[in-house]
Amino acid sequence: MPPPVKLAIIGGGPSAFYVASRLLSLLPLRDPMSPSLRVHMYDRLWAPHGLVRYGVAPDHPEVKNCTNKFDVTATDPRFRFFGNVNVGSTPLHSIPHALHLPLTSILNNYSHLLFSTGCTMPTQHPAIPPSAWCIPALSLVHWYTQHPSQPPPPAFDKISHLTLIGQGNVSLDIARILLTSPSVLRQYDVPEHVLEVLSRSTVKHVSIVGRRGPLEAAFTTKELREMINLPEASMIPIDPALLTPPSGVTLTRQQRRTLELLQKGSKNLPGSTLKSWSLHFYRSPASLTPPSSASVLDMANLTLAHTRLDPATSRAVPTGETSTLPTSLVVTSLGFYADPESAFFDPALRHLRSSAGRITSSEGSALKNVYASGWAANGAKGVLASTMIDAYAVASTILSDIVPSSESVTIPTPPLPEMGMAPDELLNRHPDLDALPSEIVHGIKDGIVTQYDDWKVIDAEEVRRGEALGKERERMSWDEALPFIAPSRARP
Ligand SMILES: Cc1cc2nc3c(=O)[nH]c(=O)nc-3n(C[C@H](O)[C@H](O)[C@H](O)COP(=O)(O)OP(=O)(O)OC[C@H]3O[C@@H](n4cnc5c(N)ncnc54)[C@H](O)[C@@H]3O)c2cc1C
Ligand SMILES: NC(=O)c1ccc[n+]([C@@H]2O[C@H](COP(=O)([O-])OP(=O)(O)OC[C@H]3O[C@@H](n4cnc5c(N)ncnc54)[C@H](OP(=O)(O)O)[C@@H]3O)[C@@H](O)[C@H]2O)c1
């Protein structure tokens, strides 16, 4: 019989849940050959599911169906979830009420460790730092999903023109939300305070700026088609010269569809709607000059460097020309990177150092029983389907260490000077399977650490409040959720 396994997973997003669900199903509870197994998941947010709850656009409710599978995983008696727990020395300032759990408490209490911490930091553009006229897309996403970091509401009631920098799906999510009537959004999981701001919005036009061309745009056809079909907005036609592919280039299916959609244009004719949007290709931000007066009605001036594609590298290179786009607010949507304060963060990769699901030392050798999955391991690319495929592969890697076959390779533990500890001390080889770090025991007693049962009560209450308002759910803030996290319901 293989030795008992006590796995801590840091992060409670889809990657974490897919690894947990795969592992628990590959090692069935009642199989006498399965080792004793415990899977404890920690998230700094009080609610589980990561970007599925705090990222996916509210008008895409079907995307969140994966949580039904995660609910089943959470019913396994070997699984526990601990929310509102920030693990490691990552900054706490964004979520003031989260309990701080040092990584050493995890290392002392567990035999195996998985990092599924995602990429939680928005990429900034050096030419246009955050200011009153430039905010990251993530703060808008956090606003409309009521993220516990509680960003301030945007002043959409005072502006007419918004510019998104970056042409990925997050940009299109934001543009779509802004150009859709609140009466349509009302049925979804959009908090009332968000609907209230959107209903006062005076935004008339959204510009979406990309440094490369239509063939290189990062958005997908499904999301582009949704923009084209928006019932209350029209697209400004694109110069046909930009939509003619260079001769001799073989287009992918996605590129062909993108060009077809852009050539066809929006369902609504330009000028026939109150709201409109435009795609600006081969433009990269160079500077942002605030309005000359203090009046919020005045626009800032965004200077855009014109670019062309370097055929050898497919990168955008400046042509030397520039132009100016007057705009009320710039929103940078340039992707994400992992928290640089995380253990094993690699500044060159901008995510955790790992290889084939295993965390590696700075010398490149795999660390015994320490793993990484999802965006934390691979960077901020891919959708839920690719996150699931990656998670299943990581679960297989963990399984191969837990139940080694005769061919499996033994992973030596390399020295870890950066962790300030000797190799054999890294994880606990014989942990008490049901013991919890003392901080968590106290956190549960004090009613500030959420468990999955708490979440299911809150989830039901959010759905109930939503039903009363004729919508999918009405989200609760931490303060509203607190009474539902009763210490009396805590398990010892
Ligand atoms: C705005 C947005 C919208 C998206 N919409 C879609 C969509 O419609 N369809 C689709 O298929 N894909 C979508 N994606 C992509 C999808 O969300 C990702 O593929 C997926 O969430 C990655 O999963 P993950 O578990 O690696 O990361 P995450 O979902 O980010 O989960 C990581 C978790 O780790 C936690 N964490 C981080 N650090 C710590 C710490 N120190 N201690 C404790 N917990 C920690 C975080 O709180 C978070 O809950 C979207 C992505 C974004 C950014
Ligand atoms: N509905 C959905 O399925 C959905 C919704 C949201 C997110 N997602 C997924 O989540 C992942 C992240 O999405 P995302 O939109 O945040 O990122 P993304 O797809 O990587 O797009 C980032 C955009 O920013 C641009 N960019 C990056 N750095 C730049 C710079 N310095 N200057 C100018 N432009 C720059 C990129 O241009 P270059 O290409 O030139 O680098 C690209 O257009 C993606 O895989 C996405 O598909 C999916």
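Reader: Hi! What classes of residue make up the shell around ligand 2?

Author: Hi! In this predicted model, the shell around ligand 2 has seven nonpolar, eight polar and five charged residues.

Reader: Which ones are the closest to ligand 2?

Author: Of the 20 residues that surround ligand 2, the closest are Gln-167, Arg-211, Arg-212, Glu-223 and Gly-382.

Reader: And which helix gives the largest share of that shell?

Author: That would be helix α6, residues 169-179, with three residues.

Reader: How much of ligand 2 does the protein cover?

Author: On its own, ligand 2 has 910 Å² of accessible area, and the protein covers 77% of that.

Reader: OK, switching to ligand 1. How many residues surround it?

Author: Ligand 1 is surrounded by 32 residues, and the closest are Asp-43, Val-87, Trp-375, Leu-384 and Thr-387. By class, its shell divides into 15 nonpolar, 14 polar and three charged residues.

Reader: What about Trp-375 and Thr-387, which of their atoms are 2.9 Å from an oxygen atom of ligand 1?

Author: For Trp-375 it's a polar backbone atom, 2.9 Å from an oxygen atom of ligand 1. For Thr-387 it's an N or O atom in the side chain, also at 2.9 Å from an oxygen atom of the ligand.

Reader: Which elements give two or more residues to its shell?

Author: They are α1, β2 (37-43), α2, β4 (85-87), α6, α11 (374-378) and α12. β4 gives the most, with three residues.

Reader: New topic: helix α3. Which of its residues are buried?

Author: Helix α3 covers residues 66-74, and its buried residues are Cys-66, Thr-67, Phe-70, Asp-71, Thr-73 and Ala-74.

Reader: Why are they on the same side of α3?

Author: Because they cover an arc of only 160° around the axis. In general, an α-helix has 3.6 residues a turn, so residues three or four places apart point the same way.

Reader: Nice! Last one: what covers those buried residues?

Author: The cover includes α1 (14-26), α2 (50-54), β3 (79-83), α12 (384-402) and α14 (452-468).

Technical notes:
Residues numbered from 1 in each chain as written. Chains lettered and ligands numbered in written order. Predicted model: local features only at pLDDT ≥ 70, side-chain atom pairs only at ≥ 80, totals over all residues. Heavy atoms only, no water. Buried < 20%, exposed > 50% of the residue type's maximum accessible area, 1.4 Å probe, protein only. Helix = DSSP H or I, 4+ residues; strand = E, 2+ residues; numbered from the N terminus. Arc of directions from axis to C-beta. Contact = heavy atoms within 4.5 Å. Near = heavy atom within 4 Å. Areas by Shrake-Rupley, 256 points an atom, 1.4 Å probe, with all protein chains shown as cover. Nonpolar A, V, L, I, M, F, W, Y, C, P; charged D, E, K, R; others polar. Polar contact = N/O pair within 3.5 Å; in protein donor to acceptor, adjacent residues only side chain to side chain.
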